[in-house]
Amino acid sequence: MSKVPFHLKHHHVGYFVSDIDITVKWYEEMFGFELAHKTVYDLPGQGPTQMCWIQNGDFWIELYQYDP
């Protein structure tokens with residue numbers, strides 16, 4: 001088996017949440033994440049959706065607010 005010529009690591013993960021502001025606050029308080037970017041995104045099949053990126057070091061979480 002050949003080895004990959006670079007180091008693989010996680011970059012980010014994405015979640016759909018029911019309340020983006022409460023979720024961001026929880027990640028800030030529990031794990032030290034910081035809000036890096038927040039906007040409204042036109043999510044295909046869903047329409048305008050709040051989204052944001054939070055960061056802790058070199059790991060990112062992508063959040064989308066899902067309004068059923």
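I began with Lys-25, which is partly exposed at a relative accessible area of 48%. The classes I used are buried for under 20% relative accessible area, exposed for over 50%, and partly exposed in between, with a 1.4 Å probe and protein chains only. The model is predicted, so I noted that local features need pLDDT of at least 70 and side-chain atom pairs count only at pLDDT 80 or more, whereas totals for chains, interfaces and linings use all residues. Residues are numbered from 1 along each chain as its sequence is written, and side-chain values use heavy atoms, with hydrogens and water left out.

**Salt bridges**

I looked up the salt bridges and found 2 in the structure. The criterion is a side-chain nitrogen of Lys or Arg within 4 Å of a carboxyl oxygen of Asp or Glu.

Lys-25 pairs with Glu-29, and their closest N and O atoms are 3.9 Å apart. Both residues belong to helix α1 and are 4 residues apart, about one turn of the helix. Helices (H or I, at least four residues) and strands (E, at least two) are DSSP runs numbered from the N terminus. Glu-29 counts as exposed, at 58% relative accessibility.

I then recorded the salt bridge between Lys-38 and Asp-21, at 2.5 Å from N to O. This pair connects distant parts of the chain, with Lys-38 in strand β2 (residues 34–43) and Asp-21 in helix α1, 17 residues apart. Both partners are partly exposed: Lys-38 has 39% relative accessibility, and Asp-21 has a relative accessible area of 46%.

**Lys-38**

I listed what Lys-38 touches beyond four places in sequence: Ile-20, Asp-21, Gln-50, Met-51 and Cys-52. Contact here means heavy atoms within 4.5 Å. Between the C-alpha atoms of Lys-38 and Met-51 I noted 5.8 Å, although the two are 13 residues apart in sequence.

**Glu-62**

Glu-62 sits in strand β4 (residues 59–65). I found a polar contact of 3.2 Å between the side chains of Glu-62 and His-12. A polar contact is a pair of N or O atoms within 3.5 Å; within protein, one must be able to donate a hydrogen and the other to accept it, and residues adjacent in sequence count only if both atoms are side-chain atoms. Beyond four places in sequence, the contacts of Glu-62 include His-12, Tyr-15, Met-51 and Trp-53.

**Gln-65**

Gln-65 also lies in strand β4. I noted that Gln-65 is buried, with a relative accessible area of 12%. A polar atom of the Gln-65 side chain lies 3.0 Å from the backbone nitrogen of Ile-20. Among the residues that Gln-65 touches beyond four places in sequence are Val-17, Ser-18, Thr-49 and Gln-50.

**Pro-48**

Is Pro-48 buried or exposed? I recorded Pro-48 as exposed, with a relative accessible area of 69%. Pro-48 is in strand β3 (residues 47–56) and touches Val-40, Tyr-41 and Asp-42, residues up to four places away in sequence being left out.
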